[in-house]
Amino acid sequence: MIRRIKLAGLIAALLVILLPSFTLAQDVNFSVSPAEVHIDNLPPGEAAEFELTIHNKEKLAHNFTIATFQPPEEDRREGRAEFPDDSWISFPSQEIEVASNSEANVTVTVAIPREQQWAGGDWEIWLGVAAESSDLLAVKLYVRLLVSTTGTKFNAGLVAGIIVGIVLLGCGGYYYFRRKTRPE
Amino acid sequence: MKAVITSIVVAIILVVIFSLPALAQDSDAITITMTGVNDISISLDKTQWPLGEVAADTEYMTSPQIEWCTLTVEGNCNVNTFILGEDAEWIDNPSAYKWTLSNDGTNGENVYGLQFRISGDTTRGYVPVTKTEGEFWPYGGGSSLAPGDTKQFGLKLLTPTYFVGGRQMQTQITISAVAA
């Protein structure tokens, strides 16, 4: 009898409710532009700014969150490496409220540290924009951000080439002038 | 002596002249290019799946099974889409109790499985939704979705073999898109 009661209790305990809250926001229809941003020739030690536009197409105001995302290699553009550090990208706030049927602009700043090791980089990172929702299904839109830095890292080959060039040309020039000035 | 000095000076001048293009690469202006007026957007015609009370170790499918929700590409650029799941948390105290999302659609004690299936996708069938962003459409190098394209899909939930009853659990599946 006790076993049966325990079993019945266990079955009852195995019942659970899995449903989303119905009191909060429903699906949000929104768009983000531009879908892709290229920043080229950005020197280490400098920063560049651009604006993202979030368009809330709903009749209610909604909160949107913005965050960076490191895409896996197979999803990056050809020849692009992983962006070295997410903290180089900043927004005024990671959350923004957009009124109904309105657009809002978010200023994104990309600042590359001064160290020369960041010269000559070709990187990609994504900026994810999502509407805050407690529904089971949610949508996130990514903006591709492709950043290329100028300058060359310390190029040992180039420096060695310059030194070898000076030596060879110097020797060649020396022998040329010596032969030219030698009496016949 | 005069020949030596002249030779060195000429050599330095020649080498500097030829290496200038390589050294001058640092002087370009910064350019920021926004790709056209591309606007990225997708929409889902359903975002909730109210299951009510569920039993342990049981499979639940959306109805209709694989045409339950329609994803539509709304923007003006082609997109690749992805899907991401997460652990289900107890609404009353998320940090105190959760069901862990398995990475292969199977279940266990306090571990649940979640899978999706796209209508017309006979190659993959049901695909596990995991905590790592996975391909939704396209997959395996197929064609991306163009503006106006739609994809219908359904979900399958496998509840844990054991869980603490009487607790309202909540989870979220994120479908994301990026310009193809």
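Helices here are DSSP runs of H or I with at least four residues, strands are runs of E with at least two, and both are numbered from the N terminus. With that in hand, let's walk through this predicted model.

**Chain A overall**

Chain A holds two helices and 11 strands. Following the sequence, the elements come in the pattern α-β-β-β-β-β-β-β-β-β-β-β-α. The chain has 184 residues, and 29% of them count as buried. Among contacts in chain A with a separation of 6 or more, 79% are between residues 24 or more positions apart.

**A sheet in chain A**

Strands of a sheet pair through backbone hydrogen bonds, in either a parallel or an antiparallel way. In chain A, four strands make an open sheet with the order β2-β4-β9-β7, and their pairing is antiparallel. At its edges sit β2 and β7 of chain A, each of which pairs on one side only. Inside this order, β4 and β9 of chain A run antiparallel and are joined by 10 bridges. One residue pair to look for is F50(A), whose bridge partner in β9(A) is V108(A).

| Strand (chain A) | Residues |
|---|---|
| β2 | 30-33 |
| β4 | 47-56 |
| β7 | 89-90 |
| β9 | 102-111 |

**A closer look at F82(B)**

Now turn to chain B, where F82(B) belongs to strand β6, residues 79-84. Is F82(B) buried or exposed? F82(B) is buried, because 20 other C-beta atoms lie within 10 Å, and the cut-off for buried is 20 or more. Leaving aside residues up to four places away in sequence, F82(B) touches E133(B), G134(B), E135(B), F136(B) and S176(B). The C-alpha atoms of F82(B) and T132(B) are 9.8 Å apart, while the two residues are separated by 50 residues along the chain.

Definitions and conventions:
Residues numbered from 1 in each chain as written. Chains lettered and ligands numbered in written order. Predicted model: local features only at pLDDT ≥ 70, side-chain atom pairs only at ≥ 80, totals over all residues. Buried ≥ 20, exposed ≤ 12 C-beta atoms within 10 Å, placed from the backbone. Contact = placed C-beta atoms within 7 Å. Pairing = 2+ DSSP bridges.
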